[in-house]
2 protein chains.
Amino acid sequence: MNFLEERILKDGIVKEGNVLKVDSFLNHQMDVELLDRIGEEFYRRFEGVRVTKILTIEASGIAIACAAAKYFQVPVLFAKKSKSVNIEGDMYVAEVESFTHKCKNQVIVSRKFLLPEDQVLIIDDFLANGCALQGLVSITEMAGATVAGIGIAIEKGFQIGGRVIRNLGYPLESIAIVDGMDAKSGTVTFRAQ
Amino acid sequence: MNFLEERILKDGIVKEGNVLKVDSFLNHQMDVELLDRIGEEFYRRFEGVRVTKILTIEASGIAIACAAAKYFQVPVLFAKKSKSVNIEGDMYVAEVESFTHKCKNQVIVSRKFLLPEDQVLIIDDFLANGCALQGLVSITEMAGATVAGIGIAIEKGFQIGGRVIRNLGYPLESIAIVDGMDAKSGTVTFRAQ
């Protein structure tokens, strides 16, 4: 069992409806030492892969992306979720549907920050149905850049997002893959890696 | 002139309507080395101040808050801007009005992560009219916690946010205070500190 799986068992809370709450250490309150270990683990898993930029999506992906960027020594670019008046006109926009929030979002990145020569490592905290991730992949390819890899902290292995992305041939690494949860007993089952 | 003022002069873009765009290094694409220096500078400016938690607001405050947290060795808590289905019922909510986005937002923090004994350092990337900051101060005080300090990367000194917060007696440190901008010439004037 790795450090993130251990932390999920220790501080994660399983709720009805396959909800895994990690808001005490990952996506509301954040343990910056844990974030650093996650960043280091992505660096280990993508050793030897050429990365020129890390792409994530607001909000909770930002902290992990910055932790990873320290190891890769590249800039972080975070996609915004709705049109902001402070973003320049020339943008890549992907339409994504959120299962969690039951609404459609636009994922937006300024064109000037993603170039065809970029080798993009996409980082996010959660992967479930993968809508946000599909938006980030789509934007990377709109820019003519390359998806060098995808790093996820926690994947819900029983939802389709990870399978779709692996089927499409993208190199996806999830530090913890949850294959099952039981709210009554509070148990979490991880996929062996 | 400090490192952040130098970077603003080098890579910031002044637009009509007192808009200062720093999206190439601070709030869309992010230079993680610069973030680290900002975090270190907050640590220097609040030397000797007891801090138990850093509070920020999604999205662009998160990266700076995490950089600072590494120096203070405390957790980061980021307020969310609208009710998310994944947040627990028991929350502190402040109503804030955004001048940039011309809408009202709720700033939300789970009660369980802010305690009366907390000494809170509030961190954000920008301070203009201070609506978001007022929401963070309000939530800290709802929790009975103490505002130990407020650290801002870039303050627009010609807008009211900083003056209001200093008048109220809060210890506010802004690394760069912009006192004037001119879109035609592209000049930025900083307040001497």
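In strand 5 of chain B, which residue is the bridge partner of Gln29(A)?

Author: Happy to! The bridge partner of Gln29(A) is Leu77(B). Please keep in mind that this is a predicted model, where local features need pLDDT of at least 70, side-chain atom pairs count only at pLDDT 80 or more, and totals for chains, interfaces and linings use all residues. Residues are numbered from 1 along each chain as its sequence is written, while chains are lettered from A and ligands numbered from 1 in the order in which they are written.

That bridge belongs to an antiparallel pairing of strand 3 (residues 29–30) of chain A with strand 5 of chain B, over two bridges. (Helices, H or I with at least four residues, and strands, E with at least two, are DSSP runs numbered from the N terminus; strands pair if DSSP finds at least two bridges between them.)

A sheet also brings in strands from both chains: seven strands form an open, mixed sheet in the order 11(A)-10(A)-9(A)-8(A)-4(A)-5(A)-3(B). Its edges are strand 11 (187–190) of chain A and strand 3 of chain B, each pairing on one side only.

Now for the chain contact as a whole. It takes 26 residues from chain B and 26 residues from chain A (contact: C-beta atoms, placed from the backbone, within 7 Å). On the side of chain B that touches chain A, strand 3 (29–30), helix 2, helix 3 and strand 5 (76–79) of chain B each supply at least two residues. Helix 3 of chain B gives the most, with five residues. By class, this side has 15 nonpolar, seven polar and four charged residues (Ala, Val, Leu, Ile, Met, Phe, Trp, Tyr, Cys and Pro are nonpolar, Asp, Glu, Lys and Arg charged, and the others, Gly among them, polar).

Helix 3 of chain B also meets its counterpart, helix 3 (residues 61–72) of chain A, at an angle of about 50 degrees with the axes 8 Å apart (axes are fitted to C-alpha atoms, for helices over the stretch in contact, and angles run from 0 to 180 degrees between N-to-C directions). The two helices are therefore oblique to each other (under 35 degrees is roughly parallel, over 145 roughly antiparallel, 65 to 115 roughly perpendicular, the rest oblique). Ile62(A), Ala63(A) and Cys66(A) meet Ile62(B), Ala63(B) and Cys66(B) there, a contact of six nonpolar, no polar and no charged residues.

A rotation of 180 degrees with 0.0 Å of shift along its axis superposes chain B on chain A, with an RMSD of 0.0 Å (least squares on C-alpha atoms of residues with pLDDT of at least 70 in both copies). That is the relation of a two-fold axis. Of the residues of chain B, Ala59(B) comes closest to the rotation axis, with its C-alpha at 2.5 Å. As 100% of the interface residues of chain B are also interface residues in chain A, the copies meet through the same surface.

Definitions and conventions
Two residues are in contact if their C-beta atoms, placed from the backbone, lie within 7 Å.
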